[in-house]
Amino acid sequence: MSMETTLTREDIVRLTERIEGAQTRAYAIPKLTNEYPNMTHGDGYAVQTELRRRFIAQGHRHVGWKAGLTSKAKMQQMGVNVPSIGFLTDRMARPENSAISTGDLVHPRVECEVAFVTNKTLIGPNCTKEEVLEATDYVLPAVEIIDSRFSGFKFDLESVIADNGSSARYVGGGRARDPKDLDLRTLGVVMEKNGEMVAMGASAAVLGHPAEAVAMLVNILAEMGETLPAGSFVMSGGITEAIAVQPGDNVIARFQELGSVSMRFVE
Ligand code: 0L1
Ligand code: MG
């Protein structure tokens, strides 16, 4: 992925303010490329980096990263051929079994993911799946609540990257396991909403192996001049399709070998 940028510093600050407003006050905005049709992926990451800088300056703690658009199905749906990454903070985390408010979200949708917690620094640009597994303290099942801030889901990769990969909330749960004791390619996952199965998949949907997605993330970080520190929490990308949720919905994600993660949604 090229990190070439075209926007001026003023434009990056302007777009960051637009995204920050939409995220923190939960309203939809038009995709950024309507106004900046020549925006690049690098410009999207420049906006995302400025957003991260602002949140950290406001006291949010940066705890890790997420890989997004890591399944062929999602890439096809979006018409893109590269995954994306976004940052995760402590303010986005929600406890397992908790009530999650949708009043401060625009278009909440849930997807099942394997999360990794690292215990060694990972450095790109040639990071491999094997290095990721070697640097993983444990994996755990997780649900990401994504929330695209773009009106009518009309977006493109540049806009999604600037919107921090639609990151909004995440919930970890189940059992923490050493990945050496599991076959991470073949984990089956079922998502239920209000007692009905709404999505299912196998972890190989994520670039063939979820650790590949973490390696890809480390390699994108290298292009941004960054590394993945030990102690990072990393969401490796949706195994199932994203399912819309609304107040009153109860969601449970059941992962083979890893246990389940549940939550309910309220106003
Ligand atoms: O987590 C992800 O796969 C990011 C999805 C970004 C696009 C969307 O909001 O559907
Ligand atoms: Mg995701």
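Which residues are the closest to ligand 1, and how many surround it? I counted a residue as near if one of its heavy atoms lies within 4 Å of the molecule. By that test 13 residues surround ligand 1, and the closest are Lys66, Leu69, Lys74, Arg109 and Ser166.

Ground rules. I worked on a predicted model, where local features need pLDDT of at least 70, side-chain atom pairs count only at pLDDT 80 or more, and totals for chains, interfaces and linings use all residues. Residues are numbered from 1 along each chain as written, chains are lettered from A and ligands numbered from 1 in written order, and side-chain values use heavy atoms, without hydrogens and water.

Shell. I sorted the shell residues into 4 nonpolar, 4 polar and 5 charged (Ala, Val, Leu, Ile, Met, Phe, Trp, Tyr, Cys and Pro are nonpolar; Asp, Glu, Lys and Arg charged; the others, Gly among them, polar). Strands E1 (62-68), E4 (108-118) and E5 (136-147) each supply at least two of the shell residues. Strands are DSSP runs of E, at least two residues, and helices are runs of H or I, at least four, numbered from the N terminus.

Polar contacts. I looked for N or O pairs within 3.5 Å. Arg109 places a polar side-chain atom 2.6 Å from an oxygen atom of ligand 1. For Lys74 the distance from a side-chain N or O atom to a ligand oxygen is 2.9 Å. For Glu111, a polar side-chain atom lies 3.0 Å from an oxygen atom of the ligand. Alone, ligand 1 exposes 310 Å², and the protein buries 98% of that (Shrake-Rupley, 1.4 Å probe).

Technical notes
Polar contact = N/O pair within 3.5 Å; in protein donor to acceptor, adjacent residues only side chain to side chain.
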